[in-house]
Amino acid sequence: MSRSTLRGSAITAEIRKAQAAAAAAPVAPKKGAKDKPAAAAAPKGAGEIRIIGGQWKRTRLPVAQRPGLRPTPDRVRETLFNWLGQDLSGWRCLDAFAGTGALGLEAASRGAASVQLVESDAALVAQLQVLQAKLQASAVRVQRGDGVAALKQAAPASVDLVLLDPPFDGDLFVPALQAAAKAVAAEGFVYLEAPRAWADGELTAMGLAVHRHLKAGAVHAHLLRPLAAAAV
């Protein structure tokens, strides 16, 4: 059995232990409610993701069952990092809607110097913290908060790779892209995952241009660049 498989099994066990503990925590009854037999069960996982390349290649990570959680498919992540190149040594990355952490952890696995994982869901933040500790990912920083706000707080042109995978049923795409366009370095990249293809005119108004595009099922994956870099 490989080290990556052993590490993945340990991570899975740790997260399932945390899930079971959370499910077993007592919940105060509502005022005036009649006594009913308790029937709480540990939340079931929604499957696994695996890291495609780098130092944690083939490490399998569990995916928590959370509303709207939609991990980036293996095929799409593999294509994205083929576009970017396999070695991200020295890159500064910000994953604004981290979810499972699949995108940001992939970047860290490939040598990124710093990876900021921003997530608003407390349960997912806890899981990301477990993953960060188990992988001993010293370049990764987990932050609970709003992804758009984190992008706005980043210094202008300070991020080499911005990862955007906001909820498909929300209205965060425009503000996230506007903030990303200011945060990304002149020679950097913005990855956008969306339920539709974004037109050149829409992106040009925000200072971005399509560098690569892929449709995989219901997912449109865009690799964007600042207009100045795209024109070269």
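Is Arg77 buried or exposed? Arg77 counts as buried, because its relative accessibility is 1% and the cut-off for buried is under 20%. Keep in mind that this is a predicted model. The protein chain has 232 residues, of which 45% count as buried, and it is built from eight helices and nine strands.

**Arg77 and its surroundings**
- You'll find Arg77 in helix 2.
- Setting aside neighbours within four places in sequence, Arg77 is in contact with Ile49, Arg50, Ile51, Ile52, Thr72, Ala102, Leu103 and Glu106.

**The nonpolar cores**
- The largest nonpolar core has 34 residues, and the ones touching the most other members are Leu80, Leu84, Trp91, Val115, Leu161 and Tyr191.
- Elements giving two or more residues to this core include helix 2 (74-84), helix 4 (122-135), strand 4 (114-119) and strand 7 (184-194).
- Helix 3 supplies the largest share of this core, with five residues.
- Not counting residues up to four places away in sequence, Val115 touches Cys93, Gly104, Ala107, Ala108, Ala139, Val140 and Arg141.

**Aromatic pairs**
- The structure holds three aromatic pairs.
- Phe168 and Phe173 make a tilted pair, because their planes are at 45°, with the ring centres 6.4 Å apart.
- Phe173 also pairs with Trp198, again tilted, at 6.1 Å centre to centre and 40° between the planes.
- Phe173 lies in helix 6 (residues 173-183) and Trp198 in the loop between strand 7 and helix 7 (200-204), so this pair ties together parts that are 25 residues apart in sequence.
- Put together, ring pairs link Phe168, Phe173 and Trp198 into a cluster.

**Arginines over rings**
- Arg196 lies over the face of Trp198, 4.3 Å from the ring centre.
- Over at Phe189, the charged end of Arg225 sits over the ring, 4.3 Å from its centre.

**The chain as a whole**
- Take the contacts between residues at least 6 apart in sequence: 65% of them join residues at least 24 apart.
- The accessible surface of the protein chain comes to about 11900 Å², and 53% of that belongs to carbon and sulfur atoms.

Conventions. Residues are numbered from 1 along each chain as its sequence is written. This is a predicted model: local features need pLDDT of at least 70, side-chain atom pairs count only at pLDDT 80 or more; totals for chains, interfaces and linings use all residues. Side-chain values use heavy atoms; hydrogens and water are left out. A nonpolar core is a set of buried Ala, Val, Leu, Ile, Met, Phe, Trp, Tyr and Cys residues joined through side-chain atoms within 4.5 Å. Buried means under 20% relative accessible area, exposed over 50%, partly exposed in between (1.4 Å probe, protein chains only). Helices (H or I, at least four residues) and strands (E, at least two) are DSSP runs, numbered from the N terminus. Contact means heavy atoms within 4.5 Å. Accessible areas come from the Shrake-Rupley method with a 1.4 Å probe; for residues, only the protein chains shown count as cover. Rings of Phe, Tyr and Trp (its six-membered ring) pair if their centres lie within 6.5 Å; planes under 30 degrees apart count as stacked, over 60 as edge-to-face and the rest as tilted. A charge sits over a ring if NZ of Lys or CZ of Arg is within 6 Å of the ring centre and within 35 degrees of the ring normal.
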